Amino acid sequence: ALAIFQDLNDKRGISVALSQIAAAREGLGDLRGSLETYQQSLKLARESNDKRRVGLILGNMGALYVTMGLY
């Protein structure tokens, strides 16, 4: 899905795909990679003015920060 959204230059779609990848990375124990991917997703969600997605990503990132002991 990510490659298709990238080919279409669909920032919102790329953000959605990246969020799913970030969640998968977290599930696999790659917490730093997950955080980096969420940050990429957040940037694109903001650029596409997708306020709902921004809120979802920030919530996921907050939970991840707690898991990582960064909060």
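Helix 2 (residues 11-27) packs with helix 4 (residues 51-68) at an angle of about 15 degrees, and their axes lie 11 Å apart. The model is predicted. Angles under 35 degrees count as roughly parallel, so helix 2 and helix 4 are roughly parallel to each other.

**The helix 2 and helix 4 contact**
- The crossing of helix 2 past helix 4 is left-handed.
- Helix 2 contributes Ser15, Val16, Ser19 and Glu26 to the contact.
- Helix 4 contributes Arg53, Ile57 and Leu64.
- By class, three residues of this contact are nonpolar, two are polar and two are charged.

**Asp50**
- Asp50 sits in the loop between helix 3 (31-47) and helix 4.
- Its relative accessibility is 11%. Buried means under 20%, so Asp50 counts as buried.
- Arg12 and Ala45 are in contact with Asp50, leaving aside its neighbours within four places in sequence.

**Overall fold**
- The protein has four helices and zero strands.
- Along the sequence, the pattern reads α-α-α-α.
- The C-alpha trace spans about 35 × 25 × 15 Å along its principal axes.
- Of the 71 residues, 32% count as buried.
- Among contacts with a separation of 6 or more, 42% are between residues 24 or more positions apart.

Conventions. Residues are numbered from 1 along each chain as its sequence is written. This is a predicted model: local features need pLDDT of at least 70, side-chain atom pairs count only at pLDDT 80 or more; totals for chains, interfaces and linings use all residues. Side-chain values use heavy atoms; hydrogens and water are left out. Axes are lines fitted to C-alpha atoms, for helices over the stretch in contact, and angles run from 0 to 180 degrees between N-to-C directions. Helices (H or I, at least four residues) and strands (E, at least two) are DSSP runs, numbered from the N terminus. Angles under 35 degrees count as roughly parallel, over 145 as roughly antiparallel, 65 to 115 as roughly perpendicular and the rest as oblique. A crossing is left-handed if the near helix is turned anticlockwise from the far one by less than a right angle, and right-handed if clockwise. Contact means heavy atoms within 4.5 Å. Ala, Val, Leu, Ile, Met, Phe, Trp, Tyr, Cys and Pro count as nonpolar, Asp, Glu, Lys and Arg as charged, and the others, Gly among them, as polar. Buried means under 20% relative accessible area, exposed over 50%, partly exposed in between (1.4 Å probe, protein chains only).
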